[in-house]
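Have the model open while reading.

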Amino acid sequence: MIQVLISGLFLGGVYALLAVGLSLAFGIMGVLNLAHGSLAVLAAILYKKSLVFYSFSPWTFCILATPLFLGIGFLLHFFIAAPFRNLSPPSATVASLIASLGVALILEDLFVWWQGWEPISTYIDFPTIQLLGLKIPGMRAALLGMAAVTISVCIFFMKKTDPGRSMRALAQDKETASLYGINPGITALSAMGLAAILAGVAGVFYSALYPLSPREGIDLTLKALFIVVAGGMGNLRGPAVAGCALGFIESFTGLLFTYTSTDIVVYSLLVSYLVLKRGRRRQ
Amino acid sequence: MILTALALSATAFSKGYAGIFTFSLVINGIMATSYDIPGRSLDFVSLGHAVFFGLGAYIFGIAVSKGFSFFPAFALSMLLSSAAAGVVILLTAGLSHGYYSLATLGILIIFQRLFETMEGISGGSAGIYIPEPISNFQCALLAAFLLLATAVGHAVFSCSRWGFFSMETKADEQAAEVIGIPTRKLKVLCLMTGAVPACMAGILYLARTSHVSPVSGFSLTLSITALLGSRIVPIKGVLGPVLGSLVITAAEEIIWTKFEGFNLAWFGLILLGAALYQGLNFRELKKE
């Protein structure tokens, strides 16, 4: 049972990382980016391909790939956020949802063409840690630590640095933020870049823990959305906690039932949560 | 005229490649027109319209495999799938736009996985095979009739007071509530008017093809086809989705035959193009 709890915590850490990026994009630009999970899959594929040439550790690869994912985030911004900035908020959200779904579908086919149907796994053998009679895989513990550090850095960036404050100001009131000299275009662009980096990091970590299918991008995004909706759109701590909760739920359901049942439970929870708590227009 | 021509061609070409093409054209027409009722009236973007299609197909398949003949199975599955659709709609009707899209996508995946899991009833991932319950000609005739009925339903809804109520609600929901429009009732009615033809399209699809699986019944591609069919031709009324489904079915045919392995990517490109067109179009309007 404790082993399942630990496994859930590791998975939850990676989900939290994915959700934090998604929450950032939604909070600041109102973009529900369905291609977020596909960026994670892209990072996993790139990491796997890079291992052929040099055996990078996941964290080294994440640092090296940061400029690339920043660029991808900027590019994505021009397709799924910038064209809709003049629409009313609900219309902009729906338009970005459709555009990002389009991008996700394009990427899924490209991934299958590039990588084939074979699941992407970048597992590297790491010594196992013995703690209080429990066997903890060293790689998972290290990745959980890295995920926690990345989320903490992100929270620090948002709270204590000027660009982070600009992003929060833009999320709260676009017009007032503009009056204070914040450039909405550049700030939104930076937020999208940061979200893409976080998706990349999550993808590399995920593939180091579990095999990832090239067509799993939309599935990953939906799970991340569940976390974001449960944890609260636009803030970063809520998704981190909700990510861990989803990790536990998946691990326990996987232990009790089958893989498909895990999906049924997770998506039923997502829909129930949406129906009961969020999305009510009057709220 | 276009509708009548479509309906006539569906019955005239009930065999061979032309028969398959016109049948998918009519099914896409039904899906796009039924999608357009809540889609255009309330600006709801559903990513799970195929849920109703899949429910209709599966319930019909289960009924036929239990020994029911075509018409009792048709009536039973229409009733049961409409009831199930009603439950789904009652759950989601209160959601706002982005959340509604997410919830419908979530529900689509739940149903897909559920029917994959229930192997004893639904045949699991392989799906259900049934013997041909009616001839291809009868099937094409019923599909053509359903398309005409859906188009009439669309027109009647748009011209009725509920159609005007929906325009008000789309413009400003709070203001609509203030002037006494029952917005929740309107949404449920509007979504149900769109869901029932989709359930019936699922039944006819299974009757024609004899096979349905969780992936083909509860298909995201089918939901996207309906969405695109409804939005791609910017003409108001019934003509928009009918012409849209004509464009999409032709595009789908080319994509499936000429770009094997990149079907989703092409759909993605069309979706992206449609969304960008909407964004750019709005900018032009603002400039004017």
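## Helices H7 and H10 of chain B

In chain B, helix H7 (residues 136-159) packs against helix H10 (residues 183-209) at an angle of about 170 degrees, and their axes are 10 Å apart. Axes are lines fitted to C-alpha atoms, for helices over the stretch in contact, and angles run from 0 to 180 degrees between N-to-C directions. H7(B) and H10(B) are therefore roughly antiparallel to each other. On this scale, angles under 35 degrees count as roughly parallel, over 145 as roughly antiparallel, 65 to 115 as roughly perpendicular and the rest as oblique. Helices (H or I, at least four residues) and strands (E, at least two) are DSSP runs, numbered from the N terminus.

H7(B) brings B:Asn136, B:Cys139, B:Leu142, B:Ala143, B:Leu146, B:Thr150, B:Gly153 and B:Phe157 to the contact. From H10(B) come B:Thr193, B:Pro197, B:Met200, B:Ala201, B:Leu204, B:Ala207 and B:Arg208. Two residues are in contact if their C-beta atoms, placed from the backbone, lie within 7 Å. The contact of H7(B) with H10(B) has ten nonpolar, four polar and one charged residues. Ala, Val, Leu, Ile, Met, Phe, Trp, Tyr, Cys and Pro count as nonpolar, Asp, Glu, Lys and Arg as charged, and the others, Gly among them, as polar.

## Basis of the model

This is a predicted model, in which local features need pLDDT of at least 70, side-chain atom pairs count only at pLDDT 80 or more, and totals for chains, interfaces and linings use all residues. Residues are numbered from 1 along each chain as its sequence is written, while chains are lettered from A and ligands numbered from 1 in the order in which they are written.

## Chain B overall

Chain B holds 14 helices and two strands. Its C-alpha atoms fill a box of roughly 55 × 40 × 35 Å along the principal axes. A compact globule of 288 residues would have a radius of gyration near 19 Å, and chain B agrees, with 19 Å. The radius is taken over C-alpha atoms; the globule rule is 2.2 Å times the number of residues to the power 0.38.

Of the 288 residues, 52% count as buried. A residue is buried if 20 or more other C-beta atoms lie within 10 Å of its own, exposed if 12 or fewer, and partly exposed in between, with C-beta atoms placed from the backbone. Among contacts in chain B with a separation of 6 or more, 77% join residues 24 or more positions apart.

B:Ser210 is not a glycine, yet has a positive phi of about 65 degrees. B:Ser210 sits in the loop between H10 and strand E2 (211-212) of chain B. It is partly exposed, with 14 other C-beta atoms within 10 Å.

## Chain A overall

Chain A has eleven helices and two strands. From the N terminus on, the order is α-α-α-α-β-β-α-α-α-α-α-α-α. The radius of gyration of chain A is 18 Å, close to the 19 Å that the globule rule gives for 283 residues, so chain A is as compact as a globular protein of that length. The C-alpha trace of chain A spans about 60 × 45 × 40 Å along its principal axes.

Buried residues make up 52% of the 283 in chain A. Of the contacts between residues at least 6 apart in sequence, 78% join residues at least 24 apart.

A:Ser57 lies in the loop between helix H2 (36-53) and helix H3 (58-80) of chain A. With 15 other C-beta atoms within 10 Å, A:Ser57 is partly exposed. A:Ser57 and A:Val201 are 144 residues apart in sequence and 12 Å apart in space, C-alpha to C-alpha.

Helix H1 (residues 2-29) and helix H9 (residues 217-231) of chain A pack at an angle of about 70 degrees, with axes 8 Å apart. That makes H1(A) roughly perpendicular to H9(A). The residues of this contact divide into eleven nonpolar, two polar and one charged. Among them are A:Leu22 and A:Phe26 in H1(A), and A:Leu220 and A:Lys223 in H9(A).

In helix H6 (residues 162-172) of chain A, A:Ser166, A:Met167, A:Leu170 and A:Ala171 are buried. They cover an arc of only 135 degrees around the axis, which puts them on the same side of H6(A). The arc is that of the directions from the helix axis to the C-beta atoms. On the other side of H6(A), A:Asp162 and A:Gln172 are exposed. The cover over the buried residues of H6(A) includes H1, helix H5 (138-160), helix H7 (174-179) and helix H8 (184-209) of chain A.

## Where the chains meet

The contact takes 38 residues from chain A and 40 residues from chain B. On chain A, helix H4 (89-115), H9 and helix H11 (259-276) each supply at least two residues. H4(A) gives the largest share of that side, 16 residues. By class, the side of chain A that touches chain B has 25 nonpolar, seven polar and six charged residues.
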